[in-house]
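The sequence and the structure are shown first, and a description in short sections follows.

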Amino acid sequence: MDQSQKTTGIVTGIISNLVTVEVNGPVSQNEICYIYLGETKLMSEVIKVTGNKASVQVYESTRGLKKGDKVEFEGHMLEVELGPGLLSSNYDGLQNNLATMEDVFLKRGEYTSAIDKDKKWDFTPCAKAGDKVYASYWLGEIKEGWLPHKIMVPFSFTGEYTIKSIVAAGSYRACDTIAVLTDANGDEHIVTMIQKWPVKVAITAYKEKPRPYRVMETGVRCIDTFNPIAEGGTGFIPGPFGCGKTVLQHAIAKQGEADVIVMAACGERANEVVEIFTEFPELIDPHTGRSLMERTTIICNTSNMPVAAREASVYTAMTICEYYRSMGLRVLLLADSTSRWAQALREMSNRMEELPGADAFPVDLSSTISNFYARAGVVTLYNGESGAVTFIGTVSPAGGNLKEPVTESTKKAARCFYALSQNRADKKRYPAVDPIDSYSKYLEYPEIVDYLKSKVSPDWVEKVLEAKNLVLRGKEAYEQINILGDDGVPVSYHERYWKSELIDFIILQQDAFDSIDCSTPFERQEFMLTKVLQVCDTPRNFEGFEECTKFYKEVINIFKQMNYSEYKSESFYNYIEQIDKYTRNDN
Amino acid sequence: MTTKAFQRIYTKLEAITKATVTVRAEGVSNDELATVDGRLAQVVKLKGDLVTLQVFEGTEGIPTDSEVIFFGEPPALNVSEDLAGRFFNAYGQPIDGGAPVEGERRFIGGPSVNPYKRKQPSQLIPTGIAGIDLNNTLVSGQKIPFFANPDQPYNQVMAMVALRADVDKIILGGMGLTNDDYLYFKHTFESAGALNKIISFVNTTEQPPVERLLIPDMALTAAEYFAVDKNEKVLVLLTDMTLYADALSIVSNRMDQIPSKDSMPGSLYSDLAKIYEKAVQLPDGGSITIIAVTTLNDGDITHAIPDNTGYITEGQLFLRHDSDTGKVIIDPFRSLSRLKQLVIGKQTREDHSQVMNTAVRLYADAANAKTKLENGFDLSDYDNRCLDYAKEYSNRLLAIDVNIPIEQMLETGWELFGKYFTPAETGIKEALIKKYGKWQ
């Protein structure tokens with residue numbers, strides 16, 4: 001926009017990071033503006049307009065701002081830059097590159113470029129002059145790490161264009177002209193490797209959004225076996241603090257079967273992000289054998305960073321995911337924690353003196369959350385390829401009580417529910433995902449059932465349902481035993497209880513810190529579940545409950561040793577032999 | 001504080017509430033400090049010409065024609081090596097009779113460390129208390145609170161931990177300390193001969209509660225000076241954060257904000273996070289570790305203050321009175337150190353993790369057996385062994401009066417396993433059982 005056309009304004013009021021600005025021209029809702037604090041520019045977003053007063057939320061500390069300070073409006077919403085080099089980068093919620101900042105402390109008003117515009121990439125065109133193209137059309141490809149990164153017609157282009165010229169294969173800077181397009185009016189448009197997109201608007205440059213039909217393997221047994229999440233699906237993990245939300249999320253990030261992982265650390269601990277910075281470059285992606293960091297982008301707005309940028313961070317992350325999805329890639333977005341984002345909304349709504357909804361959250365919380373979850377999904381692109389964004393968010397319910405607005409709103413929006421239970425965490429049964437309360441709606445999708453049948457085994461889903469049933473019956477038996485006492489119930493109750501314990505200890509519990517047990521591929525999960533069910537299904541006659549208890553404790557112990565051994569190694573087979581011998585002898 | 005020539009002075013208050021006053025003034029900046037009728041105050045709201053100030057000492061007896069003097073800058077602390085060994089109030093003024101500290105003037109509540117520049121915490125802080133070292137190992141750069149009922153000896157435990165920890169500076173931020181506790185800290189530090197590495201910022205119960213809001217930022221500004229500028233290992237003690245949060249709710253209430261859960265302000269999470277996230281391991285070796293106290297109402301951790309704290313801090317140490325042994329123990333179920341994985345088995349023996357988990361799991365079995373016993377059921381042989389084990393475990397490892405090296409804690413663990421259980425009942429990896437087990 002031309003400098004002379006910019007709307008300007010002056011500050012008239014300040015409460016914490018909510019600033020009122022008197023404006024001299026048109027402003028739009030969610031428009032970005034900069035407040036001048038001397039030489040420093042503070043980035044802000046318009047969140048309400050009344051007459052010639054705009055309320056803006058400042059993405060920085062407002063310390064030292066005065067009435068009368070100048071404001072300049074930018075004429076666009078909060079945008080991110082999309083292009084090669086996003087992967088393995090570490091951004092804040094506004095897509096500033098944290099790695100290129102000089103100081104140990106974050107400086108107010110220091111904004112760094114998201115993409116290195118001078119970096120050269122080897123471009124190979126896959127379109128030619130004269131081709132008819134449209135937004136998201138693949139013009140060519142570069143290699144970002146090992147991933148094919150498509151250079152696309154920018155999403156903001158509407159209608160049909162003709163390629164006037166496109167560069168030959170070769171090495172180009174990210175900011176170099178890759179192609180020139182002509183629109184219907186004959187006007188020319190330049191395309192580089194970089195485009196911009198407003199984060200709060202979903203990228204919809206695809207043909208259709210079918211139902212998810214594949215399962216995303218996570219290597220976490222209580223998810224994959226019991227409640228699998230679909231590729232392009234949505235799930236959420238609510239749990240009180242100390243129940244292992246973050247450990248579980250990191251496990252999914254490390255092992256998840258996806259081409260690209262975007263992690264949004266939204267209002268959480270800085271040291272958790274440091275853990276990712278430190279560990280991920282060292283870790284190897286089990287699916288490709290490459291460094292994990294090569295496929296990971298981190299959006300990090302930790303709890304001590306400005307609150308308003310927290311809200312932006314989840315949108316920034318989602319937009320990056322949608323960008324890679326348009327290249328036909330499978331993307332996994334992990335956001336920790338969406339409650340902090342909701343709290344940021346609450347703080348702002350409170351300062352604006354809006355009428356509050358439940359627990360002082362804004363009344364439109366539920367629709368804001370479901371709109372966001374709706375941006376995930378599998379898409380079929382115009383060229384017939386498909387891509388997916390799988391989204392798993394964590395929720396931090398106040399007081400561990402799941403009957404609070406954020407959990408309830410999320411439950412309506414997400415299809416998988418992984419409830420972390422305080423009770424299981426207290427007993428150190430990790431991951432503390434409650435096998436009875438949790439669910440995956442995807443197990444009801446016929447296309448997912450078919451997929452599991454062909455990928456794992458024909459009777460897989462029946463086995464899973466049987467195991468779930470055993471766990472449920474075991475819990476009932478346990479309650480009876482607790483009420484009536486060990487001797488007050490038939491031995492069969494004890495047997496039922498111990499079968500569920502066997503499934504719990506061997507399938508559901510998993511040691512995230514053991515190099516072998518931390519990740520279990522589907523093949524091994526199938527083997528283990530079959531083996532466990534085989535033990536459960538064999539009829540046995542126990543003299544008394546003590547014999548039953550002793551038998552299952554021993555079985556659990558051998559199975560556990562097996563879990564710690566490498567799949568199909570010598571010791572693995574040894575333990576199987578031991579199990580077979582032990583369970584047969586007792587028959 | 002002395003009046004400077006360029007300061008702007010106003011003499012007409014437009015409004016007075018219990019904690020704030022409003023004055024018509026020009027050229028005032030957000031967060032700026034001022035005095036109202038000689039009392040310190042800070043700008044919290046600007047609306048046109050109207051400036052609202054929060055008066056730390058409260059507004060009792062303030063007349064509408066009070067003098068309001070603006071300082072033109074936010075609260076600050078003079079930092080230098082001379083801070084060591086001194087006691088200050090919430091405004092950073094000496095209360096030990098000594099001279100004011102000369103040094104570089106730093107605004108408190110400064111910016112956050114770029115997360116990308118942080119280093120992963122990796123230095124174990126041994127305390128000798130097995131409930132901490134064995135089950136919930138502390139790491140430098142960590143932030144962790146004690147969750148304790150008001151009648152438990154949390155300040156004593158904290159002082160003990162601080163004095164045993166190998167750090168360069170200890171900074172005490174006391175909020176709403178009783179005078180007795182203040183003197184206890186002073187005496188304990190003095191008699192340990194550690195006074196020269198201790199800096200205290202203290203607000204006692206005798207002083208106005210809103211003043212407390214400055215204490216954590218004062219303490220952490222001093223901590224950042226020593227950790228960032230001097231590359232020192234700094235331990236910050238904050239007690240009691242519940243009283244800090246109470247002061248927050250007083251202020252937000254007076255400013256007509258809509259309260260969220262438990263009448264706490266909606267921004268409680270961010271307010272607490274701003275403090276706790278100052279804990280950091282810096283690239284050049286300096287570090288800030290924060291040990292805080294959050295007092296609970298009858299063990300209720302679902303209250304907004306402990307709840308938000310738990311989501312921010314890297315674990316919590318839960319003090320509980322154990323009726324079986326009559327001692328105060330560190331509850332192994334409710335306590336957690338999130339950073340322990342970074343050091344256990346790496347800076348400690350390889351069997352640490354398994355010994356710790358097994359010991360706690362068996363303790364949980366004992367808790368089940370106890371429930372059975374209370375409900376009048378017969379106990380199995382295993383149940384009885386669990387109960388005996390629990391008593392000894394609680395006495396020899398969980399109690400806060402334990403002071404032994406970590407290796408000895410592990411040996412004690414194995415000794416107890418060998419005494420009460422079979423190797424299969426422990427479920428420990430066979431290789432470790434062979435190497436460390438105490439079975440014949």
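## The nonpolar core

The largest nonpolar core holds 319 residues, and those touching the most other members are V262(A), A264(A), V331(A), L333(A), L502(A), A222(B) and V236(B). Helix α4 of chain A, residues 308-325, gives the most to this core, with 11 residues. The model described here is a predicted one. In soluble globular proteins, nonpolar side chains tend to be buried together.

## A buried phenylalanine in chain A

F391(A) belongs to strand β25 of chain A, which covers residues 386-395. F391(A) counts as buried because 30 C-beta neighbours lie inside 10 Å, and the threshold for that class is 20 or more.

Leaving aside neighbours within four places in sequence, F391(A) is in contact with T234(A), L333(A), Y373(A) and A376(A). L333(A) is also one of the residues that touch the most other members of the largest nonpolar core. The C-alpha atoms of F391(A) and L332(A) are separated by 6.0 Å, although the two residues are 59 residues apart along the chain.

## The contact between the chains

Contact between the two chains involves 56 residues of chain B and 61 residues of chain A. On the side of chain B that touches chain A, at least two residues each come from β5 (39-47), α6 (268-276), α7 (304-312), α8 (352-374) and α11 (423-426) of chain B. The largest share, 5 residues, is supplied by α7(B). By type, the residues on this side of chain B comprise 23 nonpolar, 18 polar and 15 charged.

Strand pairing also links the chains: β1 of chain A (residues 8-15) and β5(B) pair in the antiparallel sense over 3 bridges. Within this pairing, G13(A) stands opposite K47(B) of β5(B).

## Sheets and strand pairs

Chain A contains an open sheet of 4 strands, in the order β12-β11-β9-β14, with antiparallel pairing. The edges are formed by β12 (147-152) and β14 (170-173) of chain A; each has a single partner strand, so one side of each is left without a neighbour in the sheet. From one strand to the next, the twist averages 45 degrees. Within chain A, β9 (residues 120-125) and β14(A) pair in the antiparallel sense over 4 bridges, and F123(A) stands opposite G170(A) in β14(A).

In chain B, strands β19 (residues 315-322) and β20 (residues 327-330) pair in the antiparallel sense over 4 bridges. V328(B) in β20(B) is the bridge partner of H321(B). The two strands β19(B) and β20(B) form a hairpin with 4 residues between them, and G326(B) in the turn has a positive phi of about 75 degrees.

## Helix α10 of chain B

Helix α10 of chain B (residues 406-420) has 15 residues; from its first C-alpha to its last, the helix reaches 21 Å, close to the 21 Å expected at 1.5 Å a residue. Its buried residues are I406(B), M409(B), L410(B), T412(B), G413(B), W414(B), L416(B), F417(B) and Y420(B). An α-helix has 3.6 residues a turn, so residues three or four places apart point the same way.

The buried residues of α10(B) pack against α1 (130-133), α8, α9 (381-398), α11 and α12 (430-436) of chain B. Of these partners, α8 and α11 also supply residues to the side of chain B that touches chain A.

## Backbone features in loops

In chain A, the bond from D336(A) to S337(A) is cis, with omega near 5 degrees, and S337(A) lies in the loop between β23 (330-336) and α5 (338-351) of chain A. In chain B, the bond from T239(B) to D240(B) is cis, with omega near 5 degrees; D240(B) is placed in the loop between β16 (233-239) and α5 (241-254) of chain B.

D359(A) is found in the loop between α5 and α6 (365-373) of chain A, while S263(B) is in the loop between α5 and α6 of chain B. D359(A) is partly exposed, with 16 other C-beta atoms within 10 Å, whereas S263(B), with 11 C-beta neighbours inside 10 Å, counts as exposed.

Key:
Residues numbered from 1 in each chain as written. Chains lettered and ligands numbered in written order. Predicted model: local features only at pLDDT ≥ 70, side-chain atom pairs only at ≥ 80, totals over all residues. Contact = placed C-beta atoms within 7 Å. Nonpolar A, V, L, I, M, F, W, Y, C, P; charged D, E, K, R; others polar. Pairing = 2+ DSSP bridges. Axes fitted to C-alpha atoms, helices over the stretch in contact; angles between N-to-C directions. Expected span 1.5 Å × (residues − 1). Buried ≥ 20, exposed ≤ 12 C-beta atoms within 10 Å, placed from the backbone. Core = buried A, V, L, I, M, F, W, Y, C linked by C-beta atoms within 7 Å.
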